[in-house]
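Please read this report with the structure open beside it.

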Amino acid sequence: MNKINAVLVGNPNSGKTTLFNRLTGSKHHVGNWPGVTVDKKEGTIVYNNNEINLVDLPGIYSIFPFSIEEKISREYILENEVDVIINIVNASNLERNLYLTLQLLELGKPVILALNMMDSVEKKGIEINLKKLEEELSIKAIPIIAVKDVGKKELLDSITEISNDKTDFKINYGEHIEELISKYMIKYQDYDERWIAIKTIENDEVIKDIIKHDFDEDYTNQITSKKYDYIDGLLEKVIEYKKSNYIGMTDYIDKVTTHKYFGIPLFLMIMAFVFFLTFNFGGIFVEKLDFLFNDVVASFVDNTLVKMEVFPWLRSLIVDGIIGGVGGVLVFVPTIAILFIFITILEDSGYMARAAFIMDKWMRKIGLNGKSFIPMIMGFGCNVPAIMSTKALEDENDRLVAILINPFMSCGARLPVYAFLSAIFFKGYEAVVTFSLYLLGVLIAILMAFIFKKTLFKSEESPFIMELPDYNIPNVKSVSIHVWEKVKGYIINAGTVIFVASVLLWFALNYNFAGPSEFVNSFGAMIGKSIAPIFAPLGFGDWRAALTLLSGAIAKEIVVANMHILFGNTMNLIFTPLSAYSFMVFVLLYVPCVATIGTIKRETNSWKWMFFSIFYQMIVAWTVSMLIYQIGLLIF
Amino acid sequence: MKTNNRKHGRGCAYRNNCALPEGCVFLNNVKENTSVELEELCSNGRLRRKLQEMGLTKGVRFTVINNTHDGPVVINVRGSKLALGLGMSEKIMVKKFA
């Protein structure tokens with residue numbers, strides 16, 4: 001079989017991920033690029049006796065290494081045996097997308113152009129002369145519609161037919177620069193000589209290590225301009241506009257979403273809508289599943305085990321420990337799925353970029369910029385990808401602040417805790433109570449960002465430049481793939497981490513050094529009692545609450561699992577509504593789960609910041625909960 | 001004290017809004033639906049490069065399509081919509097054209 005190494009390169013919003021998923025099907029795996037937490041997706045396609053190994057590079061605008069993503073992409077293309085670069089472009093916006101294409105062509109490696117979104121090209125009344133485009137760029141151009149699998153076969157055909165001949169594509173940069181290029185064309189490894197020369201003149205940071213020279217910045221300007229000029233000239237030859245004044249849906253929607261007065265209220269309405277729908281709709285499933293696990297399954301298993309005359313301790317372990325703990329977490333699967341569906345839709349639709357834009361002014365007031373707003377919203381889903389997404393922030397200080405405040409954004413795993421407690425203590429007002437917690441998290445995040453920017457991380461300039469892509473009706477298949485990945489993670493977590501934690505907790509609660517014991521004399525009680533006094537001023541100095549919080553540091557949903565095991569139906573005896581609220585506030589603010597801590601370590605690449613984040617969040621959580629409880633006592 | 005060079009960086013000799021060349025303004029002061037021509041990027045190094053690569057090269061013509069949020073603007077340049085924060089828009093010097 002013939003082996004082909006192919007990479008997929010393209011702008012963000014060009015449909016790259018969709019194409020990758022459609023080409024590789026389910027036969028791909030997601031890993032990490034060495035040293036960084038950017039997803040590396042790789043898959044194999046077997047086609048006509050060829051084995052195509054396809055690597056999905058991050059979405060980039062340029063191969064100049066501004067961001068980690070661009071750096072990875074560039075290094076991968078330069079340092080690996082790449083047989084063919086598949087450059088996917090949004091065909092309805094060739095002017096922007098072809099800039100990357102020209103950079104790729106200059107690398108001197110074989111490139112295939114995949115012109116995506118041909119349907120919207122037609123809708124916009126644009127006609128592309130493909131033959132002419134291929135001739136001018138001397139590469140193959142394949143029209144595709146990734147979401148509809150159109151052009152898939154043609155694309156695969158052209159991948160397998162690619163020859164290794166270098167293209168003779170060249171842009172004429174004008175007499176002076178061409179002269180410089182010919183002067184600096186040097187042989188270095190197997191890089192393209194002309195490419196080396198151009199990069200040298202552009203004062204490229206990486207090439208600078210090879211050739212030391214400091215050229216006038218104006219040359220870079222000229223080279224960039226020439227590329228865009230070339231594109232202008234090219235498009236004049238290959239594109240014809242059939243409709244002269246096309247105004248798409250995007251422009252109409254933007255009039256509202258980025259409106260001076262309506263923009264922000266609309267955003268808040270969307271978030272409230274997402275929130276209440278998640279809560280009310282998810283609540284229906286929670287009740288049904290709770291009944292299923294705690295009444296149907298638990299009593300069935302219990303009865304069966306009694307009939308089988310299993311040891312009572314084993315019966316208790318299985319029914320109280322495992323079904324109670326793991327089941328208590330699994331009932332929230334639908335709620336979490338609904339939340340992720342909404343967050344994914346917001347991301348995929350293109351709305352997130354608008355939210356960043358309208359929030360820029362407000363984010364600047366706390367010293368960040370609009371772009372830092374996106375990880376905050378994503379944090380409502382899960383803090384791990386949210387913290388990873390801070391890579392899009394150019395300023396290192398901004399990025400650290402964004403990472404440190406992100407855990408205050410209440411993630412999906414904390415929702416079960418609110419749902420569970422507010423159903424007991426705030427019946428009828430569950431959604432309002434929970435909403436107040438989300439809001440509190442946001443306020444604390446903003447406050448902390450403000451303090452950090454004023455003290456630890458002063459920086460003046462924080463650039464905010466972001467493309468506002470055309471709105472896009474999220475594709476059912478893409479959204480479901482994404483949501484399923486997240487939900488699967490949650491379920492696997494329930495089956496592994498939560499399972500083990502539940503079993504351990506059960507043992508800790510039923511044994512001590514002397515052997516089997518009562519709850520109150522167990523290991524667990526000893527541990528709980530030793531830390532409980534810390535929480536007394538917060539209103540929950542009970543050892544069981546303390547033990548729950550301790551184990552909740554592994555994953556927040558464990559708190560619910562443990563409460564099932566520890567309290568059963570006796571919550572009312574230990575908590576008052578006020579102390580329950582104070583407890584929820586503590587759960588909201590104290591250390592994120594181990595997965596988040598690990599991500600903070602990797603993203604900051606520093607133990608110091610990891611420990612700092614754990615420590616300061618404990619202090620914030622304790623202080624805020626204490627204030628709420630103590631002030632609450634005075635009022636109520 | 002903030003020095004002017006730091007604020008506007010290399011390649012720009014203009015202080016805030018005074019002493020701008022005739023007909024020039026910074027992008028954050030341009031009204032909606034106005035077409036402008038890029039005169040100068042008052043930013044240095046990587047940021048300047050980033051703006052250029054996104055299509056904001058000297059002399060390019062583009063339209064401001066949203067400027068109602070006290071600083072951040074949306075422009076339509078080279079067929080795509082770009083949102084630029086205040087930190088960016090106040091460093092992009094443009095010239096109006098009819």
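Read along the sequence, chain B runs α-β-β-α-β-β-β-α-β. That gives three helices and six strands. Helices (H or I, at least four residues) and strands (E, at least two) are DSSP runs, numbered from the N terminus. The model is predicted: local features need pLDDT of at least 70, side-chain atom pairs count only at pLDDT 80 or more, and totals for chains, interfaces and linings use all residues. Residues are numbered from 1 along each chain as its sequence is written, chains are lettered from A in the order in which they are written, and side-chain values use heavy atoms, with hydrogens and water left out.

**Chain B**

Of the 98 residues in chain B, 57% are buried. Buried means under 20% relative accessible area, exposed over 50%, and partly exposed in between (1.4 Å probe, protein chains only). The accessible surface of chain B is about 4300 Å², with 46% of it on carbon and sulfur atoms. Such areas come from the Shrake-Rupley method with a 1.4 Å probe; for residues, only the protein chains shown count as cover. Among contacts in chain B between residues at least 6 apart in sequence, 59% join residues at least 24 apart. A contact means heavy atoms within 4.5 Å.

Strand 2 (residues 34-41) of chain B has six of its eight residues buried. Strand 2 of chain B pairs with strand 3 (residues 61-66) of chain B in the antiparallel sense, over four bridges. There, B:V36 has B:F62 as its bridge partner. Strand 2 of chain B also pairs with strand 6 (residues 92-96) of chain B, antiparallel, over five bridges. Two strands pair if DSSP finds at least two bridges between them.

Helix 2 (residues 45-53) of chain B is largely enclosed by the rest of the structure, because seven of its nine residues are buried. Among them are B:L47, B:R49 and B:E53. Just after helix 2 of chain B, B:G55 takes a positive phi of about 105 degrees.

**Interface**

Chain A and chain B bury about 3700 Å² between them, 51% of it on carbon and sulfur atoms. Buried area is the accessible area (1.4 Å probe) that two parts lose on being put together, summed over both. Chain A brings 41 residues to the contact and chain B brings 37 residues. Seven salt bridges are counted between chain A and chain B. A salt bridge is a side-chain nitrogen of Lys or Arg within 4 Å of a carboxyl oxygen of Asp or Glu.

**Salt bridges**

The whole structure holds 36 salt bridges over all chains.

| Pair | N to O distance |
|---|---|
| A:K361 and B:D70 | 2.8 Å |
| A:D398 and A:K453 | 2.6 Å |
| A:E106 and A:K227 | 3.3 Å |
| A:D204 and A:K199 | 4.0 Å |

A:E106 and A:K227 form a salt bridge. They sit 121 residues apart, A:E106 in helix 3 (residues 94-106) of chain A and A:K227 in helix 10 (residues 217-238) of chain A. Both A:E106 and A:K227 are buried.

A:D398 and A:K453 also form a salt bridge. This pair is 55 residues apart and links helix 18 (residues 396-405) of chain A to helix 20 (residues 430-454) of chain A. A:D398 is buried at 2% relative accessible area, and A:K453 is buried at 9%. Elsewhere, salt bridges that share partners join A:R74, A:K199, A:E202, A:D204, B:R49 and B:E53 into one network.

**Chain A details**

Helix 24 (residues 557-567) of chain A is largely enclosed by the rest of the structure, because 10 of its 11 residues are buried. Its buried residues pack against several helices of chain A, including helix 13 (312-330), helix 21 (476-510) and helix 26 (577-589). A:G568 follows helix 24 of chain A, with a positive phi near 55 degrees.

A:D542 lies in the loop between helix 22 (523-535) and helix 23 (543-552) of chain A. A:D542 is buried, at 17% relative accessibility. Not counting residues up to four places away in sequence, A:D542 touches A:A532, A:F567 and A:I574.

A:P516 is in strand 12 (residues 515-516) of chain A. At 67% relative accessibility, A:P516 is exposed.
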